[in-house]
Amino acid sequence: MDDPGGGSEAVTGSAGRRPVIGVMGASAASPAALELARRLGVLVAQAGWVVLTGGLPAGVMDAVCAGAKSVPGGLTVGILPSGPDGPVGGQVDLAIFTGIGEARNAVNVLSSDVVVACGVEGPGTASEVALALRLGRPVVLLAPGPAAARFFQEIAGDAVLHQVATPEAAIELIEHRLGIRRWPG
């Protein structure tokens, strides 16, 4: 599953802005996925990158933001499905209210330099992964189940798709394989 295109690829973001790592995952996630998300949030923040999630006070979204906010200077962004009266995770620094429901998944993907799917335990996460593959965003599957890993491998085509077992491996891949520099660089 690693590097389906056969070559080394690099993601180049706009110079002068912090890289954005979109972390997608189930709102009703397993305890294992929640721990992976929390550890990933810490590591993303330590790299100086922005954590972008769906912004709700639930599951992977809440866990990764809590991890990021445990690091001084950690920055979190939530792309919310509701308007300003909807729920927002307590660890979200910048809440973006879309009012477009699940269609906000497109905003999540398009606003991310890399999409990390933590656990891939639900249809919302699966839709974000599929959309990221379709739109050419690099995707890292963090500890997916065997069925999810097989499915996304089969549909990935020429898209950049990687699979890793740990948050540390995800960070290593993002930094060294995809070329996302720590911030400030």
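How many helices and strands are there in the protein? In this predicted model, the protein holds six helices and seven strands. Along the sequence, these elements follow the pattern β-α-β-α-β-β-α-β-α-β-α-β-α.

The overall dimensions come next. The C-alpha trace spans about 45 × 35 × 30 Å along the principal axes of the protein. The radius of gyration is 15 Å. A compact globule with 185 residues would have a value near 16 Å, so the protein agrees with that expectation. Of the 185 residues, 49% count as buried. Contacts were also sorted by separation along the sequence. Among those between residues at least 6 apart, 66% join residues at least 24 apart.

The surface and the charges were then examined. The accessible surface of the protein comes to about 7,900 Å². Carbon and sulfur atoms account for 56% of that surface. The protein carries 12 positive and 16 negative side chains. The centres of these two sets lie 4 Å apart.

Strand 3 covers residues 75–80. Five of its six residues are buried, so strand 3 is largely enclosed by the rest of the structure. Strand 2, made of residues 50–53, is joined to strand 3 by four bridges. The two strands run parallel. Within this pairing, Val50 stands opposite Leu75 of strand 3.

Asn108 belongs to helix 3, which covers residues 104–110. Is Asn108 buried or exposed? Asn108 has 0% relative accessibility. The cut-off for a buried residue is under 20%, so Asn108 counts as buried. Which residues is Asn108 in contact with, leaving aside neighbours within four places in sequence? They are Met24, Leu52, Thr53, Gly54, Ile79 and Glu128.

Helix 6 runs over residues 167–177. The buried residues of helix 6 are Pro167, Ala170, Ile171, Leu173, Ile174 and Glu175.

Glu175 lies in helix 6 and is one of its buried residues. Glu175 touches Trp49, Ile180 and Arg182, not counting residues up to four places away in sequence. Glu175 and Ala47 are 128 residues apart along the chain. Their C-alpha atoms are separated by 8.9 Å.

Gly136 is in the loop between helix 4 (123–135) and strand 6. Gly136 has a relative accessible area of 55%, so this residue is exposed. From Gly136 to Val160 there are 24 residues in sequence, and the distance in space is 7.3 Å, C-alpha to C-alpha. Ala58 sits in the loop between strand 2 and helix 2 (59–69). With a relative accessible area of 24%, Ala58 is partly exposed. Ala58 and Val88 are 30 residues apart in sequence. Their C-alpha atoms are 9.2 Å apart in space.

The backbone was examined last. Most residues other than glycine have a negative phi, and most peptide bonds are trans. Several places in the protein depart from this pattern.

Val120 lies in the loop between strand 5 and helix 4. Its phi is near 45°, a positive value in a residue other than glycine. The relative accessible area of Val120 is 11%, so Val120 is buried. Ala143 is in the loop between strand 6 and helix 5 (146–155). Ala143 also has a positive phi, near 55°.

Gly179 follows helix 6 and has a positive phi, near 75°. Pro184 is in the segment after helix 6. The peptide bond from Trp183 to Pro184 is cis, with omega near -10°.

Note on methods
Residues numbered from 1 in each chain as written. Predicted model: local features only at pLDDT ≥ 70, side-chain atom pairs only at ≥ 80, totals over all residues. Heavy atoms only, no water. Rg over C-alpha atoms; globule rule 2.2 N^0.38 Å. Buried < 20%, exposed > 50% of the residue type's maximum accessible area, 1.4 Å probe, protein only. Contact = heavy atoms within 4.5 Å. Areas by Shrake-Rupley, 256 points an atom, 1.4 Å probe, with all protein chains shown as cover. Lys, Arg positive; Asp, Glu negative; His and termini not counted. Charge placed at Lys NZ, Arg CZ, Asp CG, Glu CD. Pairing = 2+ DSSP bridges.
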